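Here are some friendly notes to read with the model open beside you. Take the points one at a time and find each place as you go.

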Amino acid sequence: MSFWQKMEQIDRRWIYLAVAVAVVVPFLFPTPLPISISPEARSLYDAVEALPDGCNVMVVYDYYPATVAECEPIAVAALHHLFRKNCKVVTLTNIPYGGPSMAERVTRRMAARYGKTYGVDYVNLGFKYGYVTVLAGMGQSIESIFPTDNSGTPLSQLPLMDSVKNYSDVSFIFEVADNATADYWVSIVNAQYGVPIGCGGTAVQAPKFYAYVASGQFVGLLGGMRGAAEYEKLIGIEDVATVGMQAQSMVHLLIIGLVVLGNIGYFVVRKQSKKGAA
Amino acid sequence: MRTTIPVIVAFIAGLLVVVSFFFRDGTIVGDVKQEFLVWSSIIGGFTLLLGVVSIVRVNMATVARKKTDWPYKILTLVAIFVMGIPALFPSSWSPLLGTASGTSVYDWLFEYMQKPMMSTMFAILAFYIASAAYRAFRARSAEATLLLITAILVMLYRVPMGEAFLNMFPGNISEILNKYIMNGVNMAVQRGIIIGAALGAASMSLRIILGIERTYLGKS
Amino acid sequence: MSGWEIFQLWLVAFLTLALFSFMYRDNPIYKAVEHIFAGLTVGYQIGLIWNSIILQQVWSFVLEGKGWRLIPAFFGLLMLTRLSSKLSWLSRTSLAFVMGTTAGIFLISELHGRVLPQMQDTMVPLNGGDGFGATLLSVVVVVGTLSTLVYFYFSKEHRGALGVTAKVGIWFIMIAFGAHFGYTVMGRVSLLIGRVQFLIEDWIGSFL
Amino acid sequence: MQTGFFAPGSVTPKLCKRSDRLTTGGLCLYCVVIVNFGRVFTRKTATLTFAFLLTPSLIWAQSEDAPLFRADRINALVFLVVFSAAILLYTRWARQGKPLFLRKIAGLDAIEEAVGRATEMGRPVLYIPGLQELDEIETIAGVSILGRVARITAQYDTPLMVPVRYPLVLAASQEVVEQAYIEMGKKDSYDKDTVRYVAGEQWAFTATVNGYMMRERPATNIYMGAFFAESLLLAETGNAAGSIQIAGTARPEQLPFFIAACDYTLMGEELYAASAYLSREPVMTGGLKGQDFVKMVIVILVIIGVLLATFGAGDWYPQLFEAV
């Protein structure tokens with residue numbers, strides 16, 4: 001049996017080990033590398049920067065706990081930027097598994113850092129079933145869809161919600177999504193009510209969203225952890241995503257190496273077996 | 001009768017929503033549509049309960065009949081009730097119970113058990129992808145070759161180390177990749193797919209409103 | 001760090017490693033953790049339904065004297081008849097209402113909110129912008145979009161001009177899928193990094 | 001609030017009035033058309049109601065000082081009417097049995113060949129109709145292609161294995177497979193365990209199916225339906241087991257994995273087209289033909305737009321497609 005044939009049958013657990021090493025090493029020997037800013041991230045940052053101080057903004061936590069590693073840094077970076085500009089933040093989620101809890105925790109943590117008061121500077125509306133009906137319904141009245149906030153306080157008791165009745169009172173929507181809900185923010189909210197939307201999506205979703213960026217339906221796009229790292233650099237607060245990019249580099253190189261190696265093996269073995277047959 | 005009423009209900013609800021799109025704000029049609037949407041959100045919300053009841057039922061049956069892995073199913077049942085029952089109490093009654101952030105059992109279980117578990121389940125995919133990269137991603141046809149080459153270039157361009165590598169070549173490859181691949185070819189194809197999928201979804205919706213498509217009602 | 005915080009940290013680390021252990025081989029600890037996970041997810045739903053639907057959307061209205069909110073709740077409860085094969089027809093009206101409203105929103109929003117803007121944005125001048133680069137980009141966008149649409153056109157054989165366009169379409173599609181592939185790999189790796197970040201910085205970091 | 005191409009001041013009041021009437025008339029026409037084609041009310045009652053009661057009163061309402069309708073959305077209305085008419089007409093023609101041409105999808109021949117190879121090798125065929133419930137169109141398409149595959153395996157007496165994740169899919173798949181064996185006159189060789197409920201949980205399902213692949217080494221694996229992150233694991237394991245693999249799914253994020261790891265892949269709408277081609281179900285064929293028609297209209301409108309923009313014909317044409 002030739003070397004390549006043996007390599008073809010290698011136990012997959014060796015590959016798992018290689019991945020583990022590639023992802024751990026950069027944390028032990030950090031070597032910071034410069035991150036360039038993509039035009040999509042830049043335009044999202046510019047759009048948020050251009051918002052008037054103190055305006056009402058929606059931050060939407062449309063991601064599952066499974067993708068916190070990609071999405072939470074984006075949400076955190078967005079809140080840094082928005083709270084710094086004293087924007088009033090209304091959060092909500094369309095995710096039944098954990099969405100309201102994550103919105104609550106992340107927003108409260110960030111609000112505490114910037115000394116913001118619940119009910120005045122920010123409100124978490126929580127979750128209601130049926131993203132299509134929720135998005136369409138808020139166009140006429142947020143209160144009819146979300147009669148109370150996440151913890152059950154009627155909206156009439158929250159001063160901020162006096163000035164946020166429907167989409168026409170919202171200047172910007174920051175959508176953080178790991179699934180197709182982002183598509184409906186585009187086709188319902190942006191198309192019918194004209195609210196500008198900036199999107200932070202997982203890397204899996206991002207390629208599709210380039211079409212919405214081109215048509216202006218998203219003002220900008222952050223793709224996965226890399227997008228979060230770019231935004232962190234833009235707002236000048238380098239955090240978890242920036243650190244993660246080194247490990248990302250290593251694993252990408254490993255995977256590219258594996259693809260190349262696998263293909264060499266494939267062609268060599270195929271050639272050998274052809275020779276053997278002839 | 002068992003089919004006619006649902007079909008008429010779907011027709012009226014659907015047509016009202018479609019027609020209301022062409023009405024100005026502040027008409028009675030808009031108000032009725034709004035109430036329909038709220039009702040739809042409430043009724044649909046109960047499908048979540050459907051999931052809960054059916055999972056509890058299946059697990060109870062497995063435990064009762066001592067089918068394979070039944071001791072594990074007890075763990076599932078215990079977890080369901082430990083997480084679910086405290087959430088039924090108002091947090092004013094005891095801060096530990098209820099769903100309040102940072103204090104309740106419910107929130108604690110979510111933050112320190114459920115969330116790390118869910119994110120770990122998906123993190124395992126990175127290992128699988130590496131193994132598949134070695135075994136399965138072969139340039140077995142011209143199309144697959146094109147796909148793999150683009151994939152490798154994009155993977156390089158999205159990480160700092162790869163970008164530094166690409167910048168060693170003349171002609172600003174990463175900018176070209178961003179402009180012509182991501183915002184050019186990729187954007188155009190995604191657009192084609194989006195248009196096609198939108199037409200498909202719209203045609204499905206039209207058939208549901210008109211009662212032509214009834215698969216969702218189940219067998220009659 | 002308090003004893004409680006240390007416990008939390010070790011618990012999360014244990015759960016993470018228990019799930020990772022599956023990659024070596026299936027084992028009872030993995031299986032137990034997986035089943036607890038499934039249970040917690042369902043338990044979370046109970047809290048969500050109770051608070052966000054029953055209390056906030058129905059009961060708070062009943063307390064205000066708006067008893068008619070019990071009607072959608074009743075139809076919602078009818079959904080549960082789906083679990084019985086004899087009574088499941090009772091759930092159809094409720095289901096049809098939800099499907100009908102959703103379909104209504106879809107029919108409009110897909111055509112108006114997706115197709116029209118995407119069509120409009122493809123109508124770019126081929127000679128616009130500054131120089132060769134801009135022209136090339138416009139050509140790529142127009143040809144890519146139209147050839148993808150033509151590739152997914154089934155009413156005629158792909159022969160002649162249609163065949164050539166579809167062939168161009170498939171090359172474009174493969175390049176786009178390659179890009180998508182690269183991004184997907186990136187996303188999965190990021191999720192692993194998130195966990196490793198926790199294990200190294202938070203957990204190991206706490207006792208080193 | 002009027003925006004877009006019917007913005008106040010951009011057109012004369014007379015034209016505004018006309019567009020108001022057009023919106024009203026169009027909306028009524030739309031209601032009449034879809035009520036006529038639907039299977040909800042009898043045609044007569046519906047047409048009479050709309051034509052004699054609603055139309056005049058709505059036109060009257062629109063002509064008042066404060067019009068009821070968003071005349072600026074008339075472009076969406078026109079699109080909606082054309083789209084609905086196309087889908088409904090083609091569906092009606094398909095029902096009436098008019099011959100509607102659908103091209104054969106290349107991957108369908110590959111399925112036949114792959115099943116043939118399994119027969120030669122005397123090894124089973126594995127078919128997975130996706131990991132989603134029966135209310136997903138992808139699953140419906142997957143189950144209907146299963147009918148075709150089962151007919152071929154019945155013909156050659158090749159063993160077939162169909163693992164499923166949901167009870168409803170189990171029932172539907174069993175029915176389809178049994179029907180196929182009866183049609184081929186092989187009722188006796190139909191094995192009740194062909195379609196098997198494996199596990200409700202995604203990863204448990206994947207682990208079981210992967211185990212089966214490595215033990216039984218099916219000659220051919222066919223994946224048709226909705227797949228998620230497990231697509232990669234299934235395809236990789238099948239590849240390692242040396243099976244010929246054919247996949248089909250509409251999820252763009254999973255397609256690259258299938259394309260890279262399988263011998264043939266039905267992409268996106270090809271899956272639906274394949275199932276319509278095989279089943280000849282009027283609703284499916286009609287819908288697909290209607291969508292195709294609208295697709296061609298879109299291609300032509302975009303080409304006109306590009307040409308007009310290139311020769312500098314102004315903004316009026318793209319403005320017609322403004323979504324407001």
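1. Let's start with two parts of chain B that touch: 8 residues of domain 1 of chain B are in contact with 6 residues of domain 3 of chain B (contact means that the C-beta atoms, placed from the backbone, lie within 7 Å). On the domain 1 side, the touching residues are 5 nonpolar, 2 polar and 1 charged (Ala, Val, Leu, Ile, Met, Phe, Trp, Tyr, Cys and Pro count as nonpolar, Asp, Glu, Lys and Arg as charged, and the others, Gly among them, as polar).

2. A word on reading the model: it is predicted, so local features need pLDDT of at least 70 and side-chain atom pairs count only at pLDDT 80 or more, while totals for chains, interfaces and linings use all residues. Residues are numbered from 1 along each chain as its sequence is written, and chains are lettered from A and ligands numbered from 1 in the order in which they are written.

3. Now chain A, which has 12 helices and 6 strands (DSSP runs numbered from the N terminus: helices are H or I with at least four residues, strands E with at least two). Of its 278 residues, 58% are buried (20 or more other C-beta atoms within 10 Å of the residue's own, with C-beta atoms placed from the backbone).

4. In chain D, look for an open sheet of 6 strands with parallel pairing, in the order E3-E2-E1-E4-E5-E6 (strands pair if DSSP finds at least two bridges between them). Strand E3 (195-197) and strand E6 (264-267) of chain D are the edges, each pairing on one side only. Strand E2 (residues 160-164) of chain D joins E3(D) over 3 bridges, and Pro163(D) stands opposite Arg196(D).

5. The largest nonpolar core holds 329 residues (buried Ala, Val, Leu, Ile, Met, Phe, Trp, Tyr and Cys residues joined through C-beta atoms within 7 Å). Which residues have the most contacts inside it? They are Ile255(A), Ala126(B) and Ala130(B). Leaving aside neighbours within four places in sequence, Ala126(B) has contacts that include Val19(A) and Val251(A), along with Arg188(C) and Leu192(C).

Terms used: A residue is buried if 20 or more other C-beta atoms lie within 10 Å of its own, exposed if 12 or fewer, and partly exposed in between; C-beta atoms are placed from the backbone.
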